[in-house]
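Student: Could we go through this model together, question by question, with the criteria behind each term stated?

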Amino acid sequence: MPLFSVIIPLYNKENYIENTLQSVLDQTYKDFELIIVNDGSTDNSLEKTKNYLSSFVNHKIISQKNKGLSATRNKGVLEAKGEVIAFLDADDFWHPNFLEHIHNLFLEFPEASLFGTSYLLKYSEEVVLEAKNNIDRNLKNTMF
């Protein structure tokens, strides 16, 4: 049983899904399964996903009629075998050590039931902005 179940809801993200999948495959922490729930995509998202993951063994692709984001994530959770659920949107990507950091948090804080991270907004190679959130900036890069 893998530690992580990475769940990606997929709906019409053919222009992004390959970069998203590559960011998961590039993780330094490898104990994960990958679950993609296709929510009735009408573009080439599903075909691109199947082709991209053809040589990656530990993945599952589930297709359903369009039910919306929450139902799609919930379907992925129902199929998950991992102890920790990690959600990733089909047009986002992780830094290569994301799961490794979450794994370390999981070990350090076994009583925690939720881990949250900040994120960057990448509009182009030149324009990358830190997202606004309501966490005190003094707490950046800390654990509490």
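Predicted model: local features only at pLDDT ≥ 70, side-chain atom pairs only at ≥ 80, totals over all residues.

Tutor: Residues are numbered from 1 along each chain as its sequence is written, and side-chain values use heavy atoms, with hydrogens and water left out.

Student: Which pattern does the chain follow along the sequence?

Tutor: Helices (H or I, at least four residues) and strands (E, at least two) are taken as DSSP runs numbered from the N terminus. The chain has 4 helices and 6 strands. Read along the sequence, they give β-α-β-α-β-α-β-α-β-β.

Student: Are H1 and H2 roughly parallel or roughly antiparallel?

Tutor: The axes, which are lines fitted to C-alpha atoms over the stretch in contact, with angles from 0 to 180 degrees between N-to-C directions, come within 10 Å for H1 (residues 17-25) and H2 (residues 45-52) and cross at roughly 30 degrees. Angles under 35 degrees count as roughly parallel, over 145 as roughly antiparallel, 65 to 115 as roughly perpendicular and the rest as oblique. H1 and H2 are therefore roughly parallel.

Student: Is Val57 buried or exposed?

Tutor: Val57 sits in the loop between H2 and strand E3 (59-64). Buried means under 20% relative accessible area, exposed over 50% and partly exposed in between (1.4 Å probe, protein chains only). With a relative accessible area of 77%, Val57 is exposed.

Student: What does Phe87 count as, in terms of accessibility?

Tutor: Phe87 belongs to strand E4 (residues 84-87). Because its relative accessibility is 40%, Phe87 counts as partly exposed.
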